[in-house]
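Subject: Structure handover

Hello,

Here is the structure you asked about. Please open it next to this email, and the findings follow below.

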Amino acid sequence: MRAVTQPAKDEIKLVEILHALADPVRLAILARLADSGRESCSGISETIDVHQTTMSHHYRVLREAGLTWTTVEGRSRYVSLRRDDLNDRFPGLLDAVLTQLRSD
């Protein structure tokens, strides 16, 4: 299995976060993680009508932007928001995005 690459907290860049947030599927993943905290990739994929390879792409973009943290346990991958890291780097950004998602 390929190694999971994730940026360190100081390597998270605003432009990459904004790029990752510019897609409705990734916003749906983000909203789901905000509600659940941590979830398996397959669990999220069941509720979003997108092909599995496309979902893998979206998970990668979110992870490499620094929005999510992926852990591998056996053959499963679990995803969670990097809420503390994001609040340290860009205070209030994640909460503002989530508030806007919930009001739409």
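Gly43 is buried, with a relative accessible area of 15%. Buried means under 20% relative accessible area, exposed means over 50%, and partly exposed is in between (1.4 Å probe, protein chains only). Gly43 sits in helix α3. Helices (H or I, at least four residues) and strands (E, at least two) are DSSP runs, numbered from the N terminus. Between the C-alpha atoms of Gly43 and Met55 the separation is 11 Å, and these residues are twelve apart along the chain.

Some ground rules. This is a predicted model, in which local features need pLDDT of at least 70 and side-chain atom pairs count only at pLDDT 80 or more, while totals for chains, interfaces and linings use all residues. Residues are numbered from 1 along each chain as its sequence is written, and side-chain values use heavy atoms, with hydrogens and water left out.

Now the sheet. Three strands make an open sheet, ordered β1-β3-β2, with antiparallel pairing. Two strands pair if DSSP finds at least two bridges between them. Axes are lines fitted to C-alpha atoms, for helices over the stretch in contact, and angles run from 0 to 180 degrees between N-to-C directions.

β2 and β3 (residues 76–81) are joined by six bridges and run antiparallel. Val72 has Arg77 of β3 as its bridge partner. Trp69 stands opposite Ser80, also in β3. The two strands form a hairpin with two residues between them, and Gly74 in the turn has a positive phi of about 65 degrees. On the other pairing, three bridges join β1 to β3.

Glu39 deserves a look. This residue lies in β1 (residues 38–40), and its bridge partner in β3 is Val79. Is Glu39 buried or exposed? Glu39 is buried, at a relative accessible area of 13%. The side chains of Glu39 and Arg32 are joined by a polar contact of 2.2 Å. A polar contact is a pair of N or O atoms within 3.5 Å; within protein, one must be able to donate a hydrogen and the other to accept it, and residues adjacent in sequence count only if both atoms are side-chain atoms. Setting aside neighbours within four places in sequence, Glu39 has contacts (heavy atoms within 4.5 Å) that include Leu33, Ile44 and Tyr78.

Next, the helices. α4 (residues 52–65) lies across β2 and β3, at about 115 degrees to β2. The axes of α2 and α6 come within 10 Å and cross at roughly 100 degrees. That makes α2 roughly perpendicular to α6 (65 to 115 degrees; under 35 is roughly parallel, over 145 roughly antiparallel, the rest oblique). Among the residues making this contact are Leu27 and Leu30 of α2, and Leu94 and Val97 of α6.

Last, the core. The largest nonpolar core has 26 residues, and Ile29, Leu30 and Leu67 touch the most other members. A nonpolar core is a set of buried Ala, Val, Leu, Ile, Met, Phe, Trp, Tyr and Cys residues joined through side-chain atoms within 4.5 Å. α2 (24–36) is one of the elements that supply at least two residues. Its share is the largest, at six residues.

Best wishes
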